[in-house]
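Morning, everyone. Please bring up the model, and let's go through its strands and its core.

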Amino acid sequence: MFKKQIAIAIAGAALALGMASANAAMTFTVTPGGIGQPGAPVTATSITGNSSELLHSTATGHVGSGYIDYGYFTSAANQQVFFDSDAGYDLYVKFTLTDTYGSPENVLTSLTFDFYADLNRDNVYVAAAGNGTTGTEASVTDVGGEDLLLGSGELVTGVAAFNTRGGAALNANTTFTLTNNGKLYFTAPNPFFNMSFNGFNNQTGGAVINTDGTIAINAGGVTSFNVPEPTSVALLGLGLLGLGASARRRRQK
């Protein structure tokens, strides 16, 4: 089974990419002052960051956990707005998931995530890793104890895929429910989008496969928010090869 899931055809990842682009991203507004942070409100179309996860292979699929560490918004005017270096706070997600083997894609059976603001930008991020034999977990440590939970979500439906060139895709329909602090930060639209979409899709590299049955995946991608159409849902993607945001891993230890 372990060999089967890493030999999924390239078409699987391509399908996930096509699904992810089915809906255009819509604008949303964040207001840093709502959570006591400097910076003017930003109307954006997406948030760019890095993801890291370690999957454990089972007889029927995988279980795994990881994080997304965000670095900047892309504004509605297509400008990059770096909140972590310019404004002094950080945004990140912690998630867990399970899937079952399928063809050409695995089927997600669970996915839960929490979306946080690190007000002091002092967290320690440890990326998932592997040496071909043993995998190590991805983790986030809240050093100052001041992180705010802004929202949470869980799986509606989703798929995952690998290909023979080491690429991967994981896309899922999720809920996204804001906390009271989250409503002070994500201020428009109101009520906020109840589905979230992350585009993390790449066809090569990114996965380290270990003989202990684990797969370490470090990635980068873009998160946007949308309300899905009945026949064309928005997707949440986690865990593919890094983009330019990879340079923002400077806080990893």
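**Strands and core**

A hairpin of five residues links E5 to E6. Strands here are DSSP runs of at least two residues, labelled E and numbered from the N terminus. This is a predicted model, where local features need pLDDT of at least 70, side-chain atom pairs count only at pLDDT 80 or more, and totals for chains, interfaces and linings use all residues. Residues are numbered from 1 along each chain as its sequence is written, and side-chain values use heavy atoms, without hydrogens and water.

Back to the pairing, which requires at least two DSSP bridges between two strands. E5 and E6 run antiparallel, with eleven bridges. Leu91 has Ala117 of E6 as its bridge partner. E6 also pairs with E11, antiparallel again, through eight bridges. There, Ala117 faces Leu148 of E11.

Now the core. A nonpolar core is a set of buried Ala, Val, Leu, Ile, Met, Phe, Trp, Tyr and Cys residues joined through side-chain atoms within 4.5 Å. Buried means under 20% relative accessible area, with a 1.4 Å probe and protein chains only. The largest one has 37 residues. Which members touch the most others? Phe28, Phe73, Leu91, Phe115, Tyr185 and Phe186. Several strands supply at least two residues each, including E5 (90-100), E6 (106-118) and E11 (148-162). E6 gives the most, five residues.

Take Phe115. Beyond four places in sequence, Phe115 contacts, among others, Ile47, Tyr70, Leu91, Leu148 and Phe186; contact means heavy atoms within 4.5 Å.

Another core lies apart from the largest one. That one has ten residues, among them Leu54, Tyr116, Val140 and Ala216.

Key. Buried means under 20% relative accessible area, exposed over 50%, partly exposed in between (1.4 Å probe, protein chains only). Helices (H or I, at least four residues) and strands (E, at least two) are DSSP runs, numbered from the N terminus.
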